[in-house]
Structures are given as C-alpha cells and as structure tokens.
Amino acid sequence: MTDYEAATAFLGEWGRFQREVFFLLCLSVVPNGFSGMAIVFVADTPPHACLIPARANLTAAWRNSSAPLLEGTAGGGAPLRSRCSRYRLEDVKRFSDAGLLPGVDVDLSNVSTEGCLDGWEYDRSVYVSTIISEWDLVCDNRWKNPLTSSLFFCGVLAGSFLSGQLSDRYGRKIVLFVTMAVQTLFTLLQVFSPSWPAFCAMFFVVGLGQISNYVAAFVLGTEILGPRVRTVFSTAGVSLFFGAGYMLLPLFAYFLRDWRKLLLGLALPGFLCVPLWWYIPESPRWLLSQGRVQEAEDILRDAARRNGIEPPPVIFGPLQRELQCESRKAHNICDLLRSGNIRWISLTLWLVWNTVAIAYFALSLNTANLHGDAYFNSLVSALVEMPAYALSWAMFRWCSRRLSLFSTLFMGGVFLLFIKLVPHHMVYLAITLEMLGKFAVTTAFAIVYAYTAEIYPTVVRNTALGACSMASRIGSIIAPYFIYLRSYSDSLPYILMGSLTALSGLLSLLLPESYGMPLPDTIAHMQHFPGCCRKKPCSVAYSEEKRNATNRKSTVLL
C-alpha cells in the first residue's frame, strides 16, 4: 500500500462519496459513446444514381436503362447499374423520342457515356439526408468520406497530446469540464455547417474535446477511488457507460434520419453535465503532487463528512508532504522517454494501443457495410461491447494483466483471420466471426486502458494516458481506410487487422505485471520492463525513497 492509500484508508472503499464520484464520472462518459460513432449514420452512403432531369422527358424504358451495367460485382451477384456514369443524355433523348427500345432496337454497348453532369439522385428510404447526399461525396469525391472520419481522429490525436499535459499541469477537473463544453458546443455548431470543409473543421474540434474529457474522467476516477473500486471503475464502469451511450446512437439515428437533426439530438445531452461541476472534486492525489496539501486535505475531510466518518487530526504526515514536494517538479511527455525503463514500456504500449485502435474503430465503422439493416447492425455491435466490458472487469479483478491483454488480443486476431475462410454465401457466419472479433478487441481495449493507468505513476499518469491515446489515434486515423480496402477485396481488411492484432497480443507479453501492485506515485516507483534492467519490487522502491528522504531530513536538522 502506498503512502497516499495508507493515509486515506480511513475513508473506506464504498461510502457515499465514492459512490457519487463513481456514478457521476461514468455519466460524464455517456455522450462520448454516441458522439464518437455518430459518423456511421451521419456519413453513410445511400444508394444513388446519376440524376436524369425531368426536362429530358424520357420514356420509362430509357429512364431505367440510362446507366451502363458494370462488368462484374463482388460475390458473383447480378450486374449492377453504374452509380457514377450514364449514357450520353443527348443520344438517349434522341432514341427515346424516336420510340426505340434499349437493348432491342439500340445496342447499348455502342452508346457513348458521360459523367453525372446533373448530379445524383439518392434513395431516401433509409435516410432523409446524410452529409454524403447533401454535398455529393460520391464517385470522384468518395475519397472525402473516409477522410471525414480521419479528420475527427486527427482531432482526437491532438486532444490526446494536449489534454494529458494540460491535465497534469492545471488539474483533472478543469480539463474535464472545459473539454466537455468544447465537445458539446462544436457538435451543436456542426448542425449549421454550410459546407463539407466547415463540417470537418468543427468535427476535428469535437474529436479533440471528446478524448480529452474521456481521459480526464478516467484518470480522475482512478486517482480518487480505492484499489478495489478503482478496478471496477477503470474496466467495467466507464466502459459500460460508454457502451450505453453507443447503444443509444442507433435509437437516436432511427428516429432522427436527417443528419442535422441527429447531431442536434446528440449535442443536447451534453448540457445535462453542467451541474456535475458542483459534485465532482479535484483529484487529491494530483493536488498533493503539486504541493497543495491543504486543498487535498479539505477534499478528504469533506469526503469523510459525506461518508459519516471522523477524519484523523492529521491526514498527511511531514514525511509524506516532503516526498510529495520532491515529486512536484514539472513533468511532460519527454519524461516518458527519458530513462530506459519507462522508454521501453512507453514504446511497447504505444504499439499495442495503435493496433487495438485500428481493429476497434475499423470494426465499429464497418457496421453500415454489413448485410442487413444498418440500425440493427449498429445495435448488435454496441450490445457485443457490454459483455466484453463485464469480462474485462472479471479478468482485471482475478487474472494477470499481461495474460488478460495477450489472450484477448490474440483471440481477436484469430477470429478476424478466420473470416477469410468463410464462403461468400455464408454471410451470417462471417458476421458472427466479425462480432466475436469485435468482442475480443473491445475487451482488450478496456483492459489496456486500466493496465496503462496502473503502470504509470501519478506525476505523469494523465500525460502517459494521453500519449498512449495519441499513439492509438494514428491507428484510428487510418482505420477508415482499412474499410476502404473493401473496394479492392472483401477479405483484405480482415487479413490485415487479424494479423496486426494477433502480433500485438504477442508483443504485450513483454510488458511488466501490475496485478497486486500498489499504484505508483513517482517514476521511481514504476515496475521494470522485463529484460531492460534488474527488477526491483515496488515496495523496495518506496522504502528506499522514504529512507533517502529521512536521511536528507536528518542531515538538515544536524
């Protein structure tokens, strides 16, 4: 047990204070669940074809045959009409006016073609409007579709880089609420986007705010709650509430089928988080690491009052204050690479996070492309996450962190690789394997978040989580292009995702074990990377630091 945990043990594990912090921080995560995946419906591509203007006055036969047949289709189905070209309208109008029939009187292979000069017409049976249909992001502009998602994840990347350092410098609470406000405000502004570039610019800022408040809430709960409750919060707690938000998305999208109305509906719940400011405290651990001992004690005394407990006259002794003052020096992202031990841990975690993000977001964004109803597929994809988060809690509670991460990543990769072996006509078996892969990857994502928070010390924990999240966003930025590879081969995305995920599972075996270890407060307290340097138990590191501080104090007194 660390000095901090020993000093605050009088609060207990699950009093009124801990329950309030647990559930309010989890509630703050719910908007992230539906805002992050809203692009699945906002930027879905409805069936479309070249628009034939009414003034052309074509017969029904020529209107139905105005687009050429494609050479072949995936899966060997019936030929489809081109969505990006049509027969030359002047020629078609001349044939129609002459009473000629397509394919009977006119050999269509000899008719010249042209692009969709009059725009496109879209099927409105599923969506009233998406950004694809509003700004014609199809055919020559279809590259803008995956880029839209990638720009959101670029914002997430920027937020991961900035929020961690801001949170370690200015506090968890202030960053949490400022970035929640940013996310809500810019989602609301997206509703009034006049163009695709303006939409993407605001979507970038939404991504920046989303990851920033998620990481801040995660770290705040990890630092405030006791060891056993911390495990539940960091695995099942925030993840289940995130999953609940994800499950609400298809419900919102089903009733709000215009993309502007959908974003408006998703922005409004953010305003319900405003009253949480008066109930969620700052992290006493962070305040102590900044030397603000009195503020930390005030929060803990208020927590004791809420729990009906009488606090001790002195919560933090002189030695604890001195140790915390020594760790008060400013830290930044460079500290994650400064020494050999923390450098190897950071590099390994960055690679693992990157691969998990590729698999998770590619599988989540792919739901609109699966066979069947898009709303139902999205709901199933969200439902799969709920037992995955419950499993992550059970594994984190009773199993080795390292083996838990390895097993879920490796099995996820195997499920995705098996999709390649499924015949084209067995669609539902392929979907089942994809959902099993999503289940395993989601479990791994929940585990790696909590695992990372346990490995890094208080002085750089938010920065470290932000850096790991930043590394993962490189994966999430390119994840939409994994789905884009379906246009070349249906199985290619699964082969790449499966191979990378299985290999990252093997790589995770190199990480140090944190199961049963106290939460480190300084870099000296960290577990050692296996094979990098001689392993020194965390408890020994604490004892040595205490002894050194005591010796220095004695020298000063002499």
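The crossing of helix 10 and helix 11 is right-handed. Handedness first, then: a crossing is left-handed if the near helix is turned anticlockwise from the far one by less than a right angle, and right-handed if clockwise. Before I go on, the ground rules. This is a predicted model, where local features need pLDDT of at least 70, side-chain atom pairs count only at pLDDT 80 or more, and totals for chains, interfaces and linings use all residues. Residues are numbered from 1 along each chain as its sequence is written, and side-chain values use heavy atoms, with hydrogens and water left out.

Back to that helix pair. Helix 10 covers residues 227-255 and helix 11 covers residues 259-267. Helices here are DSSP runs (H or I, at least four residues), strands likewise (E, at least two), numbered from the N terminus. The packing angle is about 140 degrees, and the axes are 9 Å apart. Axes are lines fitted to C-alpha atoms, for helices over the stretch in contact; angles run from 0 to 180 degrees between N-to-C directions. Helix 10 and helix 11 are therefore oblique to each other. On the cut-offs: under 35 degrees is roughly parallel, over 145 roughly antiparallel, 65 to 115 roughly perpendicular, and the rest oblique.

Who touches whom? From helix 10, Leu249, Phe252 and Ala253; from helix 11, Leu262, Gly265 and Leu266. Contact means heavy atoms within 4.5 Å. By class, the residues of this contact are 5 nonpolar, 1 polar and no charged. Nonpolar is Ala, Val, Leu, Ile, Met, Phe, Trp, Tyr, Cys and Pro; charged is Asp, Glu, Lys and Arg; the others, Gly among them, are polar.

Next, helix 2, residues 16-37, against helix 10. Their axes come within 7 Å and cross at roughly 40 degrees. Helix 2 and helix 10 are therefore oblique to each other. This crossing is right-handed. On the helix 2 side, the contact includes Phe22, Phe23, Leu25 and Met37; on the helix 10 side, it includes Val229, Phe233, Phe241 and Leu249. The class count for helix 2 with helix 10 is 18 nonpolar, 4 polar and no charged residues.

Now the cysteines. How many disulfides does the structure hold? There are 2. The criterion is a pair of cysteine sulfur atoms within 2.5 Å.

Take Cys50 and Cys116. Their sulfur atoms sit 1.8 Å apart. The S-S torsion is about -55 degrees, so this disulfide is left-handed. Cys50 is in strand 1 (residues 48-50), and Cys116 is in the loop between strand 3 (113-115) and strand 4 (120-122), so the pair ties together parts 66 residues apart in sequence. Both Cys50 and Cys116 are buried. Buried means under 20% relative accessible area, exposed over 50%, partly exposed in between (1.4 Å probe, protein chains only).

Then Cys84 and Cys139. The sulfur atoms are 2.0 Å apart. The link is left-handed too, with -95 degrees about the S-S bond. Cys84 lies in the loop between helix 4 (60-64) and strand 2 (85-87), and Cys139 in the loop between helix 6 (131-135) and helix 7 (144-170), so parts 55 residues apart in sequence are tied together. Buried or exposed? Cys84 is partly exposed at 35% relative accessibility, whereas Cys139 is buried at 7%. In sequence order of the bonded cysteines, the pairing is 1-3, 2-4.

Cys154 is partly exposed at 25%. Cys273 is buried at 9%.

Last item: Glu5, in helix 1 (residues 3-7). At 10% relative accessibility, Glu5 is buried. Glu5 and Arg285 are 280 residues apart along the chain, with their C-alpha atoms separated by 9.6 Å.
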